[in-house]
Amino acid sequence: MLDVHREVLPNGFLLILSPDTTSPNEVKLARALHRACRSDKGAILIDLSLVDSLSEDVIDLLLAYAFMLHAQDRRLILCHVPQPAQHHFLFLDAASQPLLVPSLLDAMQEIDFAGDQNHSPRTGNSRAAY
């Protein structure tokens, strides 16, 4: 039902989902998420802009990975979530909820911001002495 394209980014791992009529289940997505989780990237971004709807199996899989990544201090970021599926990802506890953003650009800004915070040197007191 879904095809998955993968791209390694400097601060994350991007998965782009697209419809696939030759595959009867979400095995490709499960494998792609498993591989992405094995990377050392702090975030996994999933672009859903090519998908009109999400099956219950896909939603459950995404929620499970959001929970697992949160436990590892990592993030699952979903962009372009189809309107009919958005309510499945809202109003969950913080440990179970993936970050929903409207666009891939917003997702990239999220991981760039998180990457900058993780790699910035700790300077202590930044006030100048007069």
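Reader: What counts as a salt bridge here?
Author: A salt bridge is a side-chain nitrogen of Lys or Arg within 4 Å of a carboxyl oxygen of Asp or Glu. The model above is a predicted one, and the structure holds one salt bridge.

Reader: Which side chains meet in it?
Author: Those of E110 and R75, at 3.0 Å from N to O.

Reader: How accessible is E110, and how accessible is R75?
Author: E110 has a relative accessible area of 28%, so it is partly exposed. R75 is at 32%, so it counts as partly exposed as well.

Reader: OK, stepping back. How many helices and strands does the protein have?
Author: Three helices and five strands. Read from the N terminus, the order is β-β-α-β-α-β-β-α.

Reader: And how much of the protein is buried?
Author: Of its 130 residues, 40% count as buried. The protein exposes about 8000 Å², and 53% of that is supplied by carbon and sulfur atoms.

Reader: What share of the contacts join residues at least 24 apart?
Author: 66%, taken among contacts between residues at least 6 apart in sequence.

Reader: Let's look at the inside. How many residues are in the largest nonpolar core?
Author: The largest nonpolar core has 26 residues, and those with the most contacts inside it are L15, L33, I44, I46, L54 and L62. Two or more residues each come from β2 (13-19), α1, β3 (43-47), α2 and β4 (75-79). Helix α2 gives the largest share, seven residues.

Reader: What other core lies apart from it?
Author: Another core, of nine residues, lies apart from the largest one, and L9, L45, C79 and V101 are among its members.

Reader: Why do nonpolar residues gather like that?
Author: In soluble globular proteins, nonpolar side chains tend to be buried together.

Reader: Take L33 from that list. Where is it found?
Author: L33 is found in helix α1. Its relative accessible area is 0%, so L33 is buried.

Reader: What is L33 in contact with?
Author: Leaving aside neighbours within four places in sequence, L33 is in contact with L15, I44, I46, L61, L62 and Y65. For L33 and L62, the separation is 29 residues in sequence and 8.7 Å in space, C-alpha to C-alpha.

Reader: And L54, what does it touch?
Author: With its neighbours within four places again set aside, L54 is in contact with L48, I59, L62, P82, A85 and F89.

Reader: Back to α1. How far apart are its end C-alpha atoms?
Author: They are 17 Å apart. Helix α1 covers residues 27-38, and at 1.5 Å a residue its 12 residues should span 16 Å, so the two values agree.

Reader: Which residues of α1 are buried?
Author: L29, A32, L33, A36 and C37. These residues cover an arc of only 135° around the axis, so they are on the same side of α1. R31 and R38, on the other side of α1, are exposed.

Reader: Why can residues apart in sequence end up on one side of a helix?
Author: An α-helix has 3.6 residues a turn, so residues three or four places apart point the same way.

Reader: What about α2, how many residues does it have?
Author: Helix α2, residues 56-71, has 16 residues. From first C-alpha to last it reaches 23 Å, close to the 22 Å expected at 1.5 Å a residue.

Reader: Which residues of α2 are buried?
Author: V58, I59, L61, L62, Y65, A66 and L69. Seen down the axis of α2, these buried residues fall within an arc of 160°, so they line one face of the helix. The exposed residues D57 and A71 are on the face turned away from that buried side.

Reader: What follows α2?
Author: D73 follows it, with a positive phi near 60°. D73 is not a glycine, and D73 is found in the loop between α2 and β4. With a relative accessible area of 74%, D73 is exposed.

Reader: Where is H80 found?
Author: In the loop between β4 and β5 (99-101). H80 counts as partly exposed, at 32% relative accessibility.

Notes: Residues are numbered from 1 along each chain as its sequence is written. This is a predicted model: local features need pLDDT of at least 70, side-chain atom pairs count only at pLDDT 80 or more; totals for chains, interfaces and linings use all residues. Side-chain values use heavy atoms; hydrogens and water are left out. Helices (H or I, at least four residues) and strands (E, at least two) are DSSP runs, numbered from the N terminus. The expected span of a helix is 1.5 Å times one less than its number of residues. Buried means under 20% relative accessible area, exposed over 50%, partly exposed in between (1.4 Å probe, protein chains only). The arc is that of the directions from the helix axis to the C-beta atoms. Contact means heavy atoms within 4.5 Å. Accessible areas come from the Shrake-Rupley method with a 1.4 Å probe; for residues, only the protein chains shown count as cover. A nonpolar core is a set of buried Ala, Val, Leu, Ile, Met, Phe, Trp, Tyr and Cys residues joined through side-chain atoms within 4.5 Å.
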